[in-house]
Amino acid sequence: MASSRLSRLRENECRSKARSVLEKFYVSSAVDIDVESIAWHQGRLRIKVGGLTSSEGRLVATQQGGVIRVASKRNLGRYRFTVAHELGHYLLHPRDLHDKDIKKADLTVWNDASEEADANVFAAEFLMPKVLFEPHCRGEPSIAKLQQIADDFRTSLTATAFQ
């Protein structure tokens, strides 16, 4: 019987895939994580903003490339997470055709055994790789510290707290 929770093994596979992508681009700091460039070089995925009314993001792609559409760029953390989430789908769930909408609620799925949780774990590790992230977490936890880390990595508070 399959578990309804994301297994530790699957979580590690998602994180490992994110780290392997970052290694290809010699990422050594948070500012090196250029989601648009990496999406293009990893899958010939172009980023387009706007044109979505009921979704946060949408991936339409073949193995030869495609488009990640993001609802808005007003919230930089959400924008970057959405791009990374869709890149995660593309890399973790290979198929002949991707045609996937993500709703706001999908960005909060972290622990179930679903492709959405896979993509969120990938995105969190991609934007906040453990080796760069952990040094920021030393000391007493606080909301102010969480906000500073989110600002440093250009991520949302939710994603930062999860990571």
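Analyst: Let's start with L127, which touches I33, V35, R80, F81, A84, F153 and T155, leaving aside residues up to four places away in sequence. Contact here means heavy atoms within 4.5 Å. Before going on, note that this is a predicted model, where local features need pLDDT of at least 70 and side-chain atom pairs count only at pLDDT 80 or more, while totals for chains, interfaces and linings use all residues. Residues are numbered from 1 along each chain as its sequence is written, and side-chain values use heavy atoms, with hydrogens and water left out.

L127 is also one of the residues with the most contacts inside the largest nonpolar core, alongside L45 and F126. That core has 35 residues. A nonpolar core is a set of buried Ala, Val, Leu, Ile, Met, Phe, Trp, Tyr and Cys residues joined through side-chain atoms within 4.5 Å. Buried means under 20% relative accessible area, exposed means over 50%, and partly exposed is in between (1.4 Å probe, protein chains only). Several elements each supply at least two residues of this core, including α1 (8–24), β2, α4 and α6 (143–153). The biggest giver is α3, with 8 residues. Helices (H or I, at least four residues) and strands (E, at least two) are DSSP runs, numbered from the N terminus.

Now for the helix α4 itself. 12 of its 13 residues are buried, so α4 is largely enclosed by the rest of the structure. Among the buried ones are E116, D118, N120 and L127. Its length checks out too: at 1.5 Å a residue, the 13 residues should span 18 Å, and the end C-alpha atoms of α4 are 18 Å apart, which agrees. The expected span is 1.5 Å times one less than the number of residues.

F122 and F126 both sit in α4 (residues 115–127), 4 residues apart, or about one turn of the helix. Both are buried. A search of the whole structure turns up 2 aromatic pairs. In this one, the ring centres of F122 and F126 are 5.6 Å apart and the planes are at 15°, so the pair is stacked. For the cut-offs, rings of Phe, Tyr and Trp (its six-membered ring) pair if their centres lie within 6.5 Å; planes under 30 degrees apart count as stacked, over 60 as edge-to-face and the rest as tilted.
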